[in-house]
Amino acid sequence: MPMATGITVTNQDIAKILREIAELLEIKGETYFKTLAYTRAADTVDKLDFNLSEVKGEEELRQIKNIGSSIARNIWEILQDRECQKHRELLLQFPPTLLELLEIPGLGPKRAKALFESRGVRSIEDLVVLIKDQGLRDLPGFGEKTEQNILRGIEQYRRHRERLTIFRADSISRRIVEELRRRTGLELISPAGSLRRMRDTIGDIDILAGSAERPYVIGEFCNLSSAYEVLARGDTKSSIRTADGIQIDLRVVERDRYGSALMYFTGSKEHNVQVREIAVALGYKLNEYGLFERASDRLVVSATEEEIYGRLGLQFVHPYLREARGEVEMAKEGKLPRIVSLEEVRGDLHVHSTYTDGGNSIKEMALEAKRMGYEYVGLTDHALNLKVASGLTVEVLKRQFEEIDYLNEKLGGIRILKGSELNIGLDGSVDYDPEILAQFDFTVASIHGGFGRSREEQTQRLIRAMENPYVTIIGHLTGRIINKREPYQLDLEAVLEKAAETGTILEINSFPDRLDLKDDDIFRARRYGINFSLGTDAHSTQHMELIRFGVATAGRGWLEKKDLINTYPLPELLKIFGRKRARL
DNA sequence: GCCGTTTTCGGCCCGACTGTTTTCAGTCG
Ligand SMILES: Nc1nc2c(ncn2[C@H]2C[C@H](O)[C@@H](COP(=O)(O)OP(=O)(O)OP(=O)(O)O)O2)c(=O)[nH]1
Ligand SMILES: [Mg+2]
Ligand SMILES: [Mg+2]
Ligand SMILES: [Zn+2]
């Protein structure tokens, strides 16, 4: 196993270098298709469900799609010493800061090349100075408007680089769709892009409309109260930006093209490309206006996504699966997973009450669970050692159990499960004595401190915790908080292996700022045969609806009903909870 | 640079919008 100085090279490290090679080659002016090869290799590496650091040699690398002998050599070099010759050479010709320029909306490789070669621009800093000194005025291809656009682009780059949480994007898109409906009477309108695919973070908000009056709809879109700036306005699409710097793209097509347009606009880009390649191989052409016979340009189908996938000999691909992770091959073979759905979920397995830092009583949480049609709700107030959230003492716990017993008898139609959110200490230990732990129906153990520990320590901590027979579930495993905190360093593969070995369940924390485990990690975990649980981490009744984001994340990780314990009827759920304790 | 149950050469997804290009390149979706 090739090891770099101490730390293993991740697939993402490799993908980043390959992507930089692609970008630098584009700037250099290399043949487009050669740069495309590097981009495709980077995309492929990004989505692999195993670590390239486990690979034995270049031969094995070449078996991977989009990796041939050149790129295999590059990757092998990167695995040895975190760098490859090709990348090093390019960085001798171009400063790494030149790549910043490509982040500016409207500025691509061609203009970056021109700026670097004829004006010596090496960074965004340089570009700002150049523009101030009127240095763009006599550069061919850079007119007055281009200069203004670049300045606006730089401002945008500096002000707003973070992707949105799915929750924020979802709320904004609902508002926009509602307002457009109200103004135009549109019926055919829906979110598309990464929002429809329910990615954990969203770059921009994409909305599709079907209408016979396209200019009218576009006009109303540009008149929206939230349209702070109109970025583009054409016959079929338009982009606006809100005062908060959020971009919203609208695409409008004729109503009978809605299916093909939705398919196009939902993406992902890589999924689209793969499906379009299949169309080409079958003598068709696929675009947002429909599926066409290539020779005659005759329209075959366009109304629904189902028809298009069908004509291409593919199973319908759920939007959550459209990430170019092998779903197109599976659809061809009829082997797509039947991903878990919201209706199959029978309960929430991570909620808090006023006993600790929640805003609603146990009764209120239970009634909300019942209203949502659940069979059970797992109450997991914070355990003793979390002082900042007034973790429960044994005495208070006793009272809580009595209240739960009382409510379970009185309410009917909903079972409150006795749980606890245990704190994993630095040594992997958890709160309470075994006699107390044995009284819970289940526990969720999570890390609430010591985030900065080394990868080795963090991994050992989690492994110790999983060896504890009373730890049923590991909560928010990686500790990431989107746009706020990076995940802790840990050896995910080792943790997954241990979870499988000990029968420990892994949580998909459904709170939109966490979504932890995330879709990629869940996808990787599939081959270990691990069970997963969903919990909203609700601190009030309003949070309980956030379960839908967890279900989407599970689906995006290709989980089926059987993989998710929240789909089990109560008796089976309790059996699963008891299994680990019995075994260890 | 990568790839191939029709191909080892000749393709590589396909289209919209903007700007200054007088006929289309650059960038983005
Ligand atoms: N066929 C094709 N479709 C594309 C291409 N680029 C984008 N699309 C489609 C698929 C995308 O999901 C959709 C919206 O584009 P976006 O750039 O907004 O990407 P997306 O929403 O997937 O991700 P985001 O969260 O916005 O970064 O447009 C492309 O190069 N070819
Ligand atoms: Mg988008
Ligand atoms: Mg977009
Ligand atoms: Zn919690």
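This is a predicted model: local features need pLDDT of at least 70, side-chain atom pairs count only at pLDDT 80 or more; totals for chains, interfaces and linings use all residues.
Domain bounds, as I use them here, come from an automatic or database domain assignment. Domain 2 (164–253) and domain 3 (259–333) both contribute residues to the shell around ligand 1, so the ligand lies between them.

Entry on the shell. I counted 15 residues around ligand 1, the closest being Arg163, Ser194, Gly203, Asp204 and Asp206. By class, I find three nonpolar, six polar and six charged residues in this shell. Helix H10 (193–196), helix H12 (258–266) and helix H13 (269–281) each provide at least two of the shell residues.

Entry on contacts of ligand 1. I noted an oxygen atom of the ligand 2.5 Å from a side-chain N or O atom of Ser194. Arg197 places a polar side-chain atom 2.9 Å from a ligand oxygen, and Thr266 has a backbone N or O atom 3.3 Å from a ligand oxygen. Ligand 1 taken alone exposes 600 Å², of which the protein buries 71%.

Entry on the metal site. For the magnesium ion (ligand 3) I list Asp204 (OD), Asp206 (OD) and Asp249 (OD) as protein donors, at 2.1 to 2.3 Å. Their spacing along the chain is D-x1-D-x42-D. I also recorded that Asp204 bridges this ion and the magnesium ion (ligand 2), the two lying 3.5 Å apart. Asp204 is in the loop between strand E3 (201–202) and strand E4 (205–210), and Asp249 is in strand E7 (residues 247–253), so the pair ties together parts 45 residues apart in sequence.

Entry on burial. I checked Asp204, which is buried at a relative accessible area of 18%. Asp249 is buried as well, at 14%.

How values were computed. Residues are numbered from 1 along each chain as its sequence is written. Chains are lettered from A and ligands numbered from 1 in the order in which they are written. Side-chain values use heavy atoms; hydrogens and water are left out. Donors are N, O and S atoms within 2.8 Å of the metal (3.2 Å for Na, K and Ca); water is not among the atoms, so sites may look incomplete. Helices (H or I, at least four residues) and strands (E, at least two) are DSSP runs, numbered from the N terminus. Buried means under 20% relative accessible area, exposed over 50%, partly exposed in between (1.4 Å probe, protein chains only). A residue is near a molecule or strand if one of its heavy atoms lies within 4 Å of it. A polar contact is a pair of N or O atoms within 3.5 Å; within protein, one must be able to donate a hydrogen and the other to accept it, and residues adjacent in sequence count only if both atoms are side-chain atoms. Accessible areas come from the Shrake-Rupley method with a 1.4 Å probe; for residues, only the protein chains shown count as cover. Ala, Val, Leu, Ile, Met, Phe, Trp, Tyr, Cys and Pro count as nonpolar, Asp, Glu, Lys and Arg as charged, and the others, Gly among them, as polar.
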